[in-house]
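Here is a walk through one model, going from the whole chain down to single side chains. Have the viewer open as you read.

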Amino acid sequence: MRLVLTALIFASGLFFILFGLGFLLQPVETAATLGLAAANPLGSATLRADLLSFFGVAGICMMWGAWKRSGDILLVPAIMMGLAIIGRLVSAATDGAFVGFYRPILVEAAIFILLMVARNLLPHHRVQDVGE
């Protein structure tokens, strides 16, 4: 079970890093896959910086946590996925749902669940022990 979880997380992390690098090297084309567009050079710079950071940090933490078999490190991308889900739900509530709006939420929820299950199965610190 642990081997399968860590392999899934490692592979997902690698995908996240490669996707983030897509924003660095080809921001316009990669952004189009998510329904985003840069209106000017500031938009391209924002796509490069923000989305590379999001996917890069999530991917690095996923790969590092899987490699080290450390549940603590997996909390970082789990929190990022949780916040992404919240952002999407707020957007659906305020802007209205669109056809297929649930698909990215399902992906993020699946990754969130995978990370939280792995966090509980892999070695980690108890909350009570943090800071001591």
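Among contacts in the protein chain between residues at least 6 apart in sequence, what percentage join residues at least 24 apart? The answer is 67%. Keep in mind that this is a predicted model.

**The overall picture**

Along the principal axes, the C-alpha atoms fill a box of roughly 45 × 35 × 30 Å. The chain has 132 residues, and 35% of them count as buried.

**How the helices pack**

| Helix pair | Angle | Axis separation |
|---|---|---|
| α1 (residues 2-25) and α5 (residues 102-121) | about 135° | 10 Å |
| α1 and α3 (residues 41-68) | about 160° | 7 Å |
| α3 and α4 | about 140° | 8 Å |

Take α1 and α5, with their angle of about 135°. That angle makes α1 oblique to α5, and α1 passes α5 in a left-handed crossing. On the α1 side, the contact uses R2, L5, L8, I9 and F16. From α5 come I111, L114, L115, V117, A118 and L121. Sorted by class, that contact has 10 nonpolar residues, no polar ones and one charged.

Now α1 and α3, which pack at about 160° with their axes 7 Å apart.

The contributors from α3 are F54, V57, A58, C61 and M62, while α4 brings V76, P77, M80, M81 and A84. By class, this contact has 10 nonpolar residues, no polar and no charged ones.

**The phenylalanine cluster**

The structure holds 10 aromatic pairs. One of them is F19 with F23: the ring centres are 5.3 Å apart and the planes stand at 85°, so the pair is edge-to-face. Both residues belong to helix α1, and being four residues apart there, they are separated by about one helical turn. F19 is buried, and so is F23.

F54 and F55 also form an edge-to-face pair, with 5.2 Å centre to centre and 90° between the planes. Are these two buried or partly exposed? F54 counts as partly exposed at 25% relative accessibility, whereas F55 is buried, with a relative accessible area of 12%. F54 also takes part in the contact of α3 with α4 described above.

Step back and the ring pairs link F15, F16, F19, F23, F54 and F55 into a cluster.

T6 has its place in helix α1. With a relative accessible area of 5%, T6 is buried. Not counting residues up to four places away in sequence, T6 touches A66, R69 and L122.

S44 is found in helix α3, and it counts as buried at 15% relative accessibility. Leaving aside neighbours within four places in sequence, which residues is S44 in contact with? They are P27, V28 and A38.

Finally, back to R69, one of the residues that T6 touches. R69 lies in the loop between α3 and α4 (75-95). Its relative accessible area is 40%, so R69 is partly exposed. For a backbone check, look at its phi: R69 has a positive value of about 50° although it is not a glycine. Most residues other than glycine have a negative phi.

Conventions:
Residues numbered from 1 in each chain as written. Predicted model: local features only at pLDDT ≥ 70, side-chain atom pairs only at ≥ 80, totals over all residues. Heavy atoms only, no water. Axes fitted to C-alpha atoms, helices over the stretch in contact; angles between N-to-C directions. Helix = DSSP H or I, 4+ residues; strand = E, 2+ residues; numbered from the N terminus. Parallel < 35°, antiparallel > 145°, perpendicular 65-115°, else oblique. Left-handed = near helix turned anticlockwise from the far one by under 90°. Contact = heavy atoms within 4.5 Å. Nonpolar A, V, L, I, M, F, W, Y, C, P; charged D, E, K, R; others polar. Buried < 20%, exposed > 50% of the residue type's maximum accessible area, 1.4 Å probe, protein only. Phe/Tyr/Trp six-rings, centres within 6.5 Å; stacked < 30°, edge-to-face > 60°.
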